[in-house]
There are 2 protein chains.
Amino acid sequence: MANIHDVSKAAGVSVSTVSRVLNNHPYVKKEKVEAVKKAIIETGYIPNINAVNLKKGKTHLIGIVLPFLDVPYFSQLVQGISQAASVHQYKLVLYQTGYDEHQEKEALEMLKLKQIDSLIICSRKISLETVEHYQQYGSIVLFENGEDTPLSYTFIDHYACFMRALEYLYEHGHRKIGFSVNRLEGANSSQRERAYRDFLKLKGLPFHKDYIFKKCLNIEDGERILREIAAFQERPTAILATSDQVAAGIITSSSNYELKVPRDLAVIGFDDQPIARAMQITSVNIPLYSIGQILFEQAIAVEISHKEVSTELMERSTV
Amino acid sequence: MANIHDVSKAAGVSVSTVSRVLNNHPYVKKEKVEAVKKAIIETGYIPNINAVNLKKGKTHLIGIVLPFLDVPYFSQLVQGISQAASVHQYKLVLYQTGYDEHQEKEALEMLKLKQIDSLIICSRKISLETVEHYQQYGSIVLFENGEDTPLSYTFIDHYACFMRALEYLYEHGHRKIGFSVNRLEGANSSQRERAYRDFLKLKGLPFHKDYIFKKCLNIEDGERILREIAAFQERPTAILATSDQVAAGIITSSSNYELKVPRDLAVIGFDDQPIARAMQITSVNIPLYSIGQILFEQAIAVEISHKEVSTELMERSTV
């Protein structure tokens, strides 16, 4: 494919003259402009956007760090980011990491190397110290409470909304409550665990470590929870599930164990996905599309900002 | 931020010498190499990947054209592409189009301008003629039967697998069968409609245009189908749903209309998502992760290739 040198040769002018013509520079002789334009058509030369980006110092690409795409929580978040990006003529580069720190680091390196203008970190394993180090190279936005960082962030008060859901179960007579998380070491999960322990202390209830179900993300994990519970001597009477998918898995497999929801087991989901509305699952609404839009706005803004987004308990028929 | 000119000044050498050192070019005097390395550290110069890409003529970015991300069908497909991309050190640029032709065209333009090395079109509205025109600028891969194009593609025989599902319902005694699609003008949907009409002709069954439910994609759309059916004088006894989400919506809302699945209404979903397994929905398995991986391999391959992927009817409890 023809490059700028081919145009230069064909036009019989220097490469810098071609460049001036391409960039509509003044003070180029009319006959040279004509020669360059003719040579562009003759050679079939197409400008390379990497040259344009190099010149402007901008790519109009925003990076997204997220572990996986095939869970509704993340796909809705990215859909929200993507819709806002589309309005502002930006495109998204996906850094799908599977919580691999090496891959998360690579996304940060790409911010340094200007593959992208900004980076939105939807969920991470890498330390905040490492993330902060890269702020000098471009805007970085977190979807978590980053109050000890100099970064922009949007967050949900997971402690408060978990506490609210536990209180709701308590009001409905539940004293043996279990909960599920994906990664216990994750920023959100650790807040949930803290709320759970504080709640038990507050109510004078015993702690059962078996009542915490880890690595739960999908429908299959909900089925696994029910399989485990069925073998317990002392079963929980209620479960706060990681997500509506996990809640759905619990509910659909409950009949296999002759457990009736909510009579024998109450269930609360998280996110308020369409599946929660369809299956009438009591759930905590998290407005992921709006959060995606806010994250995008923060990513292109010049100033650092912090936003808290509120959640809502949707009372349905599983408690 | 320091650029190559700053390094050149600080080192007291020409810009092209700096460039030669950066690219490990031989035949640069040792003292000049040392001076450039010292100047890079002093100035804090960071190479811009757009310059590297410009030089190499490669970006290691693959574009993905898809209408939305927040339906499992597409998010699983992208997850499959993304996993294969990760193995080959490629990243994905999302062109989320909402079936807007203007946005689809923009993705093709970005192939021309070298923002990306290749483009995978998961679903489109734009004409194949327009798509083909851009093949000269980079590899384009379709997820559809592109047999009349010079492009690489992977496809499912939607006609055959729809026919198979209809036959299965017929074997189970159904004579009044409806089906749902998202866009009737879509490449896959038109194959389904053709299979449906051929099937009716083959079996000597009457055509009811009310039995085709359009714009169905999500759980809510399944609920809408049931609302419509409930008002019919002559109801279908079976529905072939667009996706498992639509099937789930039909099933969860069936009790509102005192219809029992499968006794009063049989349902077959598509894709075999986790929700189908959890809710025991009879479904047509489409291996979206594997298809994503194949699409990626085709996108980076030098040669044009065509792959057909087979589907499987998963017999469960909704027929």
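Helices H1 and H2 of chain B are roughly perpendicular to each other, a label given to angles of 65 to 115 degrees, with under 35 counted as roughly parallel, over 145 as roughly antiparallel and the rest as oblique. In this predicted model, local features need pLDDT of at least 70 and side-chain atom pairs count only at pLDDT 80 or more, whereas totals for chains, interfaces and linings use all residues. Residues are numbered from 1 along each chain as its sequence is written, chains are lettered from A and ligands numbered from 1 in the order in which they are written, and side-chain values use heavy atoms, without hydrogens and water.

H1(B) spans residues 4–11 and H2(B) spans residues 15–22. Helices (H or I, at least four residues) and strands (E, at least two) are DSSP runs, numbered from the N terminus. The two axes come within 8 Å and cross at roughly 105°. Axes are lines fitted to C-alpha atoms, for helices over the stretch in contact, and angles run from 0 to 180 degrees between N-to-C directions. B:Ile4, B:His5, B:Val7 and B:Ser8 of H1(B) meet B:Val15, B:Val18, B:Ser19 and B:Leu22 of H2(B); contact means heavy atoms within 4.5 Å.

In chain A, UniProt lists residues 2–56 as "domain: HTH lacI-type" in an unreviewed entry. Such annotations may be inferred rather than shown by experiment. This stretch is 69% helix and 0% strand. Its end C-alpha atoms are 23 Å apart.

Another helix pair was examined in chain A. H5(A), residues 72–87, packs against H13(A), residues 288–300, at an angle of about 50°, with the axes 7 Å apart. The pair is therefore oblique. Among the residues in contact are A:Tyr73 and A:Leu77 of H5(A), and A:Leu288 and A:Phe296 of H13(A).

Backbone exceptions were also found. Most residues other than glycine have a negative phi, and most peptide bonds are trans. The bond from A:Val261 to A:Pro262 is cis, with omega near 5°. A:Pro262 sits in the loop between helix H11 (244–254) and strand E9 (266–271) of chain A. A cis bond also joins B:Val261 and B:Pro262, with omega about 5°. A:Lys114, not a glycine, has a positive phi of about 70°.

Finally, the chains were compared. A rotation of 180° with 0.0 Å of shift along its axis superposes chain B on chain A, at RMSD 0.2 Å. The copies are thus related as by a two-fold rotation axis. Superposition is by least squares on the C-alpha atoms of residues with pLDDT of at least 70 in both.
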